[in-house]
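Work through the exercises below with the model open. Try each task before you read its solution.

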Amino acid sequence: MFTGIIEELGEVTAVEQLADASRFRLRGPLVTEGAKHGDSIAVNGVCLTVVDTADGAFTADVMAETLKRSSLGALAPGSRVNLERPMALGGRLGGHLVQGHVDGTGTIVERTPSEHWELVKVSLPPELTRYVVEKGSITVDGVSLTVVDAAADFFTVSLIPTTLALTTLGHKQPGDPVNLEVDVIAKYVERMLGDRTGQDPR
């Protein structure tokens, strides 16, 4: 479980294409402190399992299913990535509950800069529309954000200077893909209400 508060801006150092997967080598000195085989690290909002660590970097295998459902397949050596370790039980929940299980991908549609913040419009897959509400939470490339406006095929978020400076969202341009994870609580509520009414929530 994660919070969507990015700890470190990391970098992809190598990508090895396998038969039905990819092996990534990622540099992240902070998130690899004390990390060991089997631990989890979120990369652009995708929960990956650490294979090994050395010299401030870690290796993770990414299955075909993950490559299909996320934007990780577009990463190459030199790509910057948002990194976060799992939350510690008993710690502060700075963002919202994030699983690191990507629900779909969107695209940066436009950016509108202001003096102290920037409004970003992101396309929204139709199957996720019902989970995104004004002032609700959404995770974009692993960053916990508050929705400003929610429409059928897009939503907007406001990015503060800290987010612009310390995450990849400060560098994403219109046309760039992003990973989206909606609020898991909304999905559970939908499922439970569907069970009560006898309707299939899907």
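**Charged pairs**

At 52% relative accessibility, Lys-36 counts as exposed, where exposed means over 50% relative accessible area, buried under 20%, and partly exposed in between (1.4 Å probe, protein chains only). This is a predicted model, in which local features need pLDDT of at least 70 and side-chain atom pairs count only at pLDDT 80 or more, while totals for chains, interfaces and linings use all residues. Residues are numbered from 1 along each chain as its sequence is written, and side-chain values use heavy atoms, leaving out hydrogens and water.

**Exercise 1.** Find the side chain that meets Lys-36 in a salt bridge.

*Solution.* Start with the rule: a salt bridge is a side-chain nitrogen of Lys or Arg within 4 Å of a carboxyl oxygen of Asp or Glu. The partner is Asp-39, at 3.6 Å, N to O. Now check its surroundings. Asp-39 is partly exposed, because its relative accessibility is 23%. The structure holds eleven salt bridges.

**Exercise 2.** Decide whether Glu-118 and Arg-111 are buried or exposed.

*Solution.* Take Glu-118 first. Its relative accessibility is 13%, so Glu-118 counts as buried. Arg-111 stands at 17%, so Arg-111 is buried too. The two form a salt bridge, with their closest N and O atoms 2.5 Å apart.

**Exercise 3.** Locate the two ends of the salt bridge between Asp-141 and Lys-172.

*Solution.* The side chains meet at 3.3 Å, N to O. The pair links distant parts of the chain, 31 residues apart. Asp-141 sits in the loop between β9 (137-140) and β10 (143-150). Lys-172 sits in the loop between α2 (161-166) and β12 (177-182). These labels come from DSSP runs, numbered from the N terminus: helices are H or I of at least four residues, strands are E of at least two. Both Asp-141 and Lys-172 are buried. Elsewhere, salt bridges that share partners join Glu-65, Lys-68 and Arg-69 into one network.

**Exercise 4.** Examine Glu-8, a buried residue that has no salt bridge. What does its side chain reach?

*Solution.* Next, look for an opposite charge. Arg-27 is the nearest such side chain, 7.0 Å away. Lys and Arg count as positive here, Asp and Glu as negative, and His and the chain ends are not counted. Then look at the backbone. The side chain of Glu-8 reaches the backbone nitrogen of Val-31 at 3.0 Å. Finally, list neighbours by contact (heavy atoms within 4.5 Å). Leaving out residues up to four places away in sequence, Glu-8 touches residues including Gly-28, Pro-29, Val-81 and Asn-82.

**Exercise 5.** Which residues have the most contacts inside the largest nonpolar core?

*Solution.* A nonpolar core is a set of buried Ala, Val, Leu, Ile, Met, Phe, Trp, Tyr and Cys residues joined through side-chain atoms within 4.5 Å. The largest has 21 residues, and Val-140, Phe-155 and Leu-180 have the most contacts inside it. Two or more residues come from each of β8 (118-123), β9, β10, β11 (154-159) and β12. Another core, of 17 residues, lies apart from it and includes Val-31, Val-46, Leu-48 and Phe-58.

**Exercise 6.** Where do Asp-55 and Lys-135 lie, and what is phi for each?

*Solution.* Asp-55 is in the loop between β4 (46-54) and β5 (57-63). Its phi is near 55°, positive although Asp-55 is not glycine. Asp-55 is exposed, at 75% relative accessibility. Lys-135 is in the loop between β8 and β9. Lys-135 is exposed, at 58%.

Key:
Polar contact = N/O pair within 3.5 Å; in protein donor to acceptor, adjacent residues only side chain to side chain.
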